[in-house]
Structure formats: C-alpha cells, structure tokens
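Please read them with the sequence and the coordinates open beside you.

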Amino acid sequence: MEKQVLGGLQWRINVPNGMSKELDPECSCYCKPWLALKSLVGGLVARVLRFLDKAWALGVSEPKKVIHGFKVGIALSLVSLFYYVRPLYDVFGGNAMWAVMTVVVVFEYTVGATLSKSINRGTGTFLAGSLGIGVHWVASQSGEKFEPIILGISVFLLASAATFSRFIPSVKARFDYGAMIFILTFSLVSVSGYRVDKLIGMAQQRLSTIAIGTSLCIFISMCISPIWAGDELHRLIHRNMEKLAESLEASVANYFRDNQSGYPSQEDNSKKTQAYKCVLNSKATEESMANFARWEPAHSPFNFRHPWKEYLKIGALLRECACCIETLSGCLNSEKQGMEHLKGYLKHASMAVCSHSCNVLRELSKSVKTTTKSSKLYLSVGEMKFALQELQNALKSLPTQLILEQVLASQANENKSTTKKECAPPVMEVIPLATLVSLLTEIVARIEEIVDGVIKLAELAEFKAFNEEKIAQNQSTSNNQRSDNPSCETEP
C-alpha cells in the first residue's frame, strides 16, 4: 500500500498482526539486489536438483549406462599409468597421450561399436602411416627442391580420394571412421615428416600406443559386463512387436468404448495408444545396432554370421504396420464418427480381428525373444484371417440390415410414403465404418508380411523347434529328479 505525503510517496507494508509498517526507502534499495541474487541462486539450485533427479531416474531405469561410465573410468585410469609410471613414460614419452586419446574416442556403449571403431582406427592409422613413410622416403630422394611439391601433391590426391570414398554407401556404413582417421594420420605424418628426422621411430611409438589403447578398450568392453549390440537389436525388435499389439488393441477398444479390455485408467490407455510412435522413430537405432552387431563375435544364441539384415527388414515391416495404426488412430479420433447402433453392429467382428491380430504379434514377439519356432503361430494366423473375413461379410451385409430396420420401423408407423425415402441407407454414416474395416484389412496384410519375415529369420538363424525345446526341458527335469532320488533307478 502507499500513502501520499509532502515531497513524494510514503510506502507501507502489512505485517502479520494486522498493523502496517513504514518501509524505509534506503532499505528497499539494498533489499532489491539481495532478493534478485537470492532468486537467481535459488533458481540455479532448483535446476541442479532437477538435473540430479533426472540423472538418478535414468541410472535406476537403465543401470547398463552407469556400468558403461565405470568401464570408461577404469580404462582411462589404466591408460594413464603410461604417464604416472616412470619406466613406461621413458619408453613412450609424450606419445603416451595418444593412448589416452584413443580410449576417449574409441570406447563406445556396445561391444560392436567399440570393435568397429578400434579396428577402423588401427587399420586407418597403419595404412596411413605406411603410406606416409613411403611418400616421405620418395620425396626425400627427390631432393630438397621437389620434396615439398611431392608431399603436397600426395596429400592432395590421397586426402581427396579418401574423402570421396566416405560418400560411397558401403564405405560410409562400416568404414567412415577409418577413412577419417586415414586422412588425419596421413596428413600428420606427411606434414610433420618434413621437419622431423626420426619419422619411423615416432610413427612406431604412436602406432604402439594406439594399439595398446584399442586393446585395452576391447578387453574391458568384452570382459566387464559386456553390452552386445546384437542383444540390443534383438530386444528392440521383439519389444516393438509388443508395442504395436498394445497400440492396436488400445485404439480399437477406445473407439468402441470397451471398458472390459484390461485398461484400468484413461492415462494408461492413452500411453498404450501412442506406443506405435516409438516404432516409427526406431529406424536409425536399428540400422546402427545392425551395423555394430556385424563386428561382434559369436555370443549367446547368435552366431558369427547371424542374419542381422533380416532384423532390418522386419523393422521396416513393423514401421509400415505402425503407419497403418497411426492412420487408424487418426480416423478413430476424428470428429465424424458412425452412428452408435452401426458401430455396435460391427463391434464384435472388429474386436475379434483386433484380438487375433494382437495375438499374432505377441506370438511373433515371443518367438523372436526366445529364438524358438512357435507352435501356435499358424493357428493364430488362421484365426486372424477368419475373423477378418467375418468382418468383411458383416460390412457387406450392413446396408441390408439398415434397410430391414427401416422397413420394420416404417411398418410400425404405417406410413408407406416415407418408407421409400428412408429405405436408402445413410452413406455418410457408413463411410467411417468402411474406413475402419479397410484399415484393419491393411493392418492384417502388414502383419502377414511380418509373419513371413519372422519365419525367414527363424530358418536362417536356425531357431529351435518348440518340440525340441520341450523335450530338452523334460530330459533335464528327469535327469535332475534321478540325481536327487537315486533309489528310483531300476535294479538289473
């Protein structure tokens, strides 16, 4: 509050006891900067706390990333011994820094990525160093006048050729980092060799330190809680199948307002409806994981020449199915909807198609997850096709049903003049339902393509048959029972 006085304004503030207190102008001049500084510090502290809270949540949800951080710390601590231990420093000298730089640049999240960068860095450094030393020897034999000219021309030609090779798709996919290291190393060797006398010794020390750094990264990445790119890709594919099933089931159930579909809350239903978006955004991750998985040795159920390309084909089919589900979700959420009694006529058949389609997707996910051939897959596909045929037949009989209903209503009203006008079915009310059936048909077709892709993957990857796995489990169980109860064995 304020009060007009002679010579200006007098400011007063309210205190908790109901009285007012005069505010000193000089005090307010000091309080404003203090309050601004206090709010600034408080805002920074709040941001730091929010960041720490998000980091803690990320570490709890994905502990592998925390382990990766510790692995990088261990590698850097070990490679730093080349500086801390005097005998090692006397051998390598300042070139020991290349080992530290190699660990920082090469160590990646997955084993495949680490192997890819390590091999690319080692190969690129070796080839570029060898060519650099050879070009330096040829230039040095040409005399001081032609030496810089030969070095400059060689740098221009090889750097241009290596840079152009990075645009070739096959090179860019697997050897892009190696080409970049080749350009860097050859340029350094060629330029520094013009002023350095002991070029071969320097190149040998740098190559040895880089080899030590890459070997250390590979050893730690593979021996301490390894994270395989193949496992990550395998897990991503079967999870995407489950997400498509959840999204399709939630979208159709939400359209028909089916409250008995297992969705306890509207928020949970909304999350499941939008699950297909994760599948649409997974292309880059799938391609990266498949590229790194080719570098990995045989591990778990995956052989050295595992058909990783088939995972990319299945991922592309999953994204096509996700696009159809996105279109379906947009149509189901549009303003123009069919009449309730028309929706009720197709509800049972539509829910049956949705249910059987989701069963097929979950069966495919289970087959990929366990690397076994499903015994229920063909039965589920047959049920899905039969349910789709029933839905299409229900849509074809929809105009006849409408006409019969309208004729019965007109006979009840005993108004023959209006019967002829009302016999024509409301086309605008049928179009949304026809769109629903059309999109469900397209989704079923996409799921059939996914089934073919998974069957081909199972053949190439040699998935175990369901009966073989069951027999093996029964044999192991019987062996365990015999070992626990030796008295059960028959006497001769």
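1. I begin with a helix pair in what is a predicted model: H2 and helix H5 (residues 97–106) pack with their axes 9 Å apart, at an angle of about 170 degrees. Angles over 145 degrees count as roughly antiparallel, and H2 and H5 are therefore roughly antiparallel to each other.

2. The contact between these two helices is made by Ala 75, Leu 76 and Val 79 on the H2 side, which meet Ala 99, Val 100, Val 103 and Val 104 of H5. When the residues of this contact are divided by class, seven are nonpolar, while no polar and no charged residues take part.

3. The residues of the contact of H7 with H9 comprise nine nonpolar and five polar ones, with no charged residue among them.

4. Turning to the pockets, the largest pocket has a volume of about 480 Å³. Its lining consists of 16 residues, and those that lie nearest the centre of the pocket are Glu 62, Glu 232, Arg 235, Leu 236 and Arg 239. Two or more lining residues are given by each of helix H2 (63–79), helix H11 (229–255) and helix H14 (283–293).

5. Which element gives the largest share of the lining of the largest pocket? That share, six residues, comes from H11. By class, the lining of the largest pocket holds seven charged, four polar and five nonpolar residues.

6. Finally, a word on confidence, which I would ask you to keep beside the points above. The mean pLDDT of the chain is 79, and 76% of its residues reach 70 or more. Over residues 259–264 the pLDDT stays under 50, and for this stretch the model has eight contacts beyond four places in sequence. Residues 415–425 likewise have pLDDT that stays under 50, and here the model has nine contacts beyond four places in sequence.

Conventions. Residues are numbered from 1 along each chain as its sequence is written. This is a predicted model: local features need pLDDT of at least 70, side-chain atom pairs count only at pLDDT 80 or more; totals for chains, interfaces and linings use all residues. Side-chain values use heavy atoms; hydrogens and water are left out. On a 1 Å grid over the protein atoms alone, a cavity is a set of points where a 1.4 Å probe fits but cannot get out, and a pocket is an open set with protein on both sides within 12 Å along at least five of seven lines; lining residues have an atom within 4 Å of a point. Grid points are joined across faces, edges and corners, and a volume is the space filled by probe spheres set on the points. Helices (H or I, at least four residues) and strands (E, at least two) are DSSP runs, numbered from the N terminus. Ala, Val, Leu, Ile, Met, Phe, Trp, Tyr, Cys and Pro count as nonpolar, Asp, Glu, Lys and Arg as charged, and the others, Gly among them, as polar. pLDDT is the predictor's confidence in each residue, from 0 to 100. Contact means heavy atoms within 4.5 Å. Axes are lines fitted to C-alpha atoms, for helices over the stretch in contact, and angles run from 0 to 180 degrees between N-to-C directions. Angles under 35 degrees count as roughly parallel, over 145 as roughly antiparallel, 65 to 115 as roughly perpendicular and the rest as oblique.
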